[in-house]
Amino acid sequence: MSSHVPIKSLMLTSLNYYHYTILIAACICALHFLKIERPREHLLIFSFILFGLIVEVFGKLLGSHGFNNSWLYNALFVHVQTGLVLAFVSITSQSIRMKKYLNLFFGFLVIFSIFNSFLYQNPLKVFQLYSFRLGAFSIIIATLFYFYKINFKNLHENENLLRIPSFWANSLFLFFYSGSFLYFSSIYFFYNMDPSLVKQLNNILKLLGLIMYIGLSLSFFAPSFDKKKPIDQHINEI
């Protein structure tokens, strides 16, 4: 019997609905390359989903074979995906000052991670919890600034927010990273908790991730919603 058969079978059995759903999200997002009005925004979202797929699939395969997968999560989940989200927020917030601050902060995050790697959390051995907390917190603040500009600085004024992909994407980032920040900030308490409860919390975090990935892949269909009437016209009719 060929040695490729059991390896392929093991790969398929190692993956589950979580990984296949992210794959579907990546395929849906790839469809937008056929016709897209915001190429930079879409490329960042597609890259974010693609790196998410890579880290989850190969992380699962490495773990199921007994290999340490911390380096993969640290490189892609903690740093690359964080950088992509910050870049997306800096573009969609349409603020030069915000873009400058986020670039400086991401540089600070990289420097912090280097010191963290040498002093506290070796990226080849453990998940860099401190670096992720800092990155997640920066994403939360950045997305809140985006909504601040919508509410107080007339960003997307007289536009239907439901038809704006960046509105959905930033909402999903705020939703997921707020939950992730709380989860990883409380992780040390999990050692004294019932393992079944910890598993449920982990499943909730995965559910948040699936909602985010699917939502991001569908966000670029938003411009096709409610094209008939602008918001102002609806208000006047009421």
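Which residues form one aromatic cluster with Phe 77 and Phe 132? Select Phe 127, Phe 176, Tyr 177, Tyr 183 and Phe 184 along with those two, and the cluster is on screen. Keep in mind that this is a predicted model. A search of the whole structure finds 20 aromatic pairs, and this tour stops at two of them.

Now colour the helices. Phe 77 belongs to helix 4 (residues 70-92) and Phe 132 to helix 6 (residues 129-152), so this contact ties together parts that are 55 residues apart in sequence. Phe 77 has a relative accessibility of 10% and counts as buried. Phe 132 is buried too, with a relative accessible area of 0%.

Next, select Phe 105 and Phe 108. These rings form a tilted aromatic pair, with 6.0 Å from centre to centre and 50 degrees between the planes. Both residues lie in helix 5 (residues 96-119), three residues apart, which is about one turn of the helix. With the surface still on, check each residue. Phe 105 counts as partly exposed at 24% relative accessibility. Phe 108 is also partly exposed, and its relative accessible area is 45%.

For the last stop, select Tyr 18 and Lys 206. What sits over the ring of Tyr 18? It is the charged end of Lys 206, placed 5.5 Å from the ring centre.

Conventions: Residues numbered from 1 in each chain as written. Predicted model: local features only at pLDDT ≥ 70, side-chain atom pairs only at ≥ 80, totals over all residues. Heavy atoms only, no water. Phe/Tyr/Trp six-rings, centres within 6.5 Å; stacked < 30°, edge-to-face > 60°. Helix = DSSP H or I, 4+ residues; strand = E, 2+ residues; numbered from the N terminus. Buried < 20%, exposed > 50% of the residue type's maximum accessible area, 1.4 Å probe, protein only. Lys NZ or Arg CZ within 6 Å of the ring centre and 35° of its normal.
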